[in-house]
Amino acid sequence: MRIKDHISLRKIADEYIMIAGSGDSLDYTQAVSLNDSAAYLLESVRERDFTLEDWVELLTDRYEVSQEQARADVELLSQMLKDAGIIC
């Protein structure tokens with residue numbers, strides 16, 4: 001998988017927002033809210049191919065979470081991001 005081009009990750013107050021853009025303009029109607037761990041995962045793989053197992057490893061290395069819980073969380077996140085057109 002890969003994060004699509006022209007996706008911007010912004011921190012606004014205490015929340016991370018992913019916004020689709022094209023060139024110099026951003027489309028704020030296509031924003032996706034993320035928590036800290038989701039933003040961490042996306043920033044960790046920016047501009048490179050990755051797998052769900054990469055994300056599981058990143059979560060279990062950084063947080064006290066089991067592989068099973070990390071895998072379940074990663075599967076939900078990846079489906080949400082695919083539906084929003086952020087990853088392919």
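**Exercise 1.** Find which side chain makes a polar contact with the side chain of Ser8.

*Solution.* Start with the criterion: a polar contact is a pair of N or O atoms within 3.5 Å; within protein, one must be able to donate a hydrogen and the other to accept it, and residues adjacent in sequence count only if both atoms are side-chain atoms. The partner is the side chain of Arg10, at 2.9 Å.

A word on the model: it is predicted, so local features need pLDDT of at least 70 and side-chain atom pairs count only at pLDDT 80 or more, while totals for chains, interfaces and linings use all residues. Residues are numbered from 1 along each chain as its sequence is written, and side-chain values use heavy atoms, leaving out hydrogens and water.

**Exercise 2.** Decide whether Ser8 and Ala38 are buried or exposed.

*Solution.* Buried means under 20% relative accessible area, exposed over 50%, partly exposed in between (1.4 Å probe, protein chains only). Ser8 has 14%, so Ser8 is buried. Ala38, in helix H1 (residues 36-44), has 7% and is therefore buried. Now look along the chain: Ala38 and Leu77 are 39 residues apart, yet their C-alpha atoms are separated by 7.4 Å.

**Exercise 3.** List the residues through which H1 and H2 meet.

*Solution.* Contact means heavy atoms within 4.5 Å. From H1 come Ser37, Tyr40, Leu41, Leu42 and Ser44; H2 brings Trp55, Leu58, Leu59 and Arg62.

Terms used:
Helix = DSSP H or I, 4+ residues; strand = E, 2+ residues; numbered from the N terminus.
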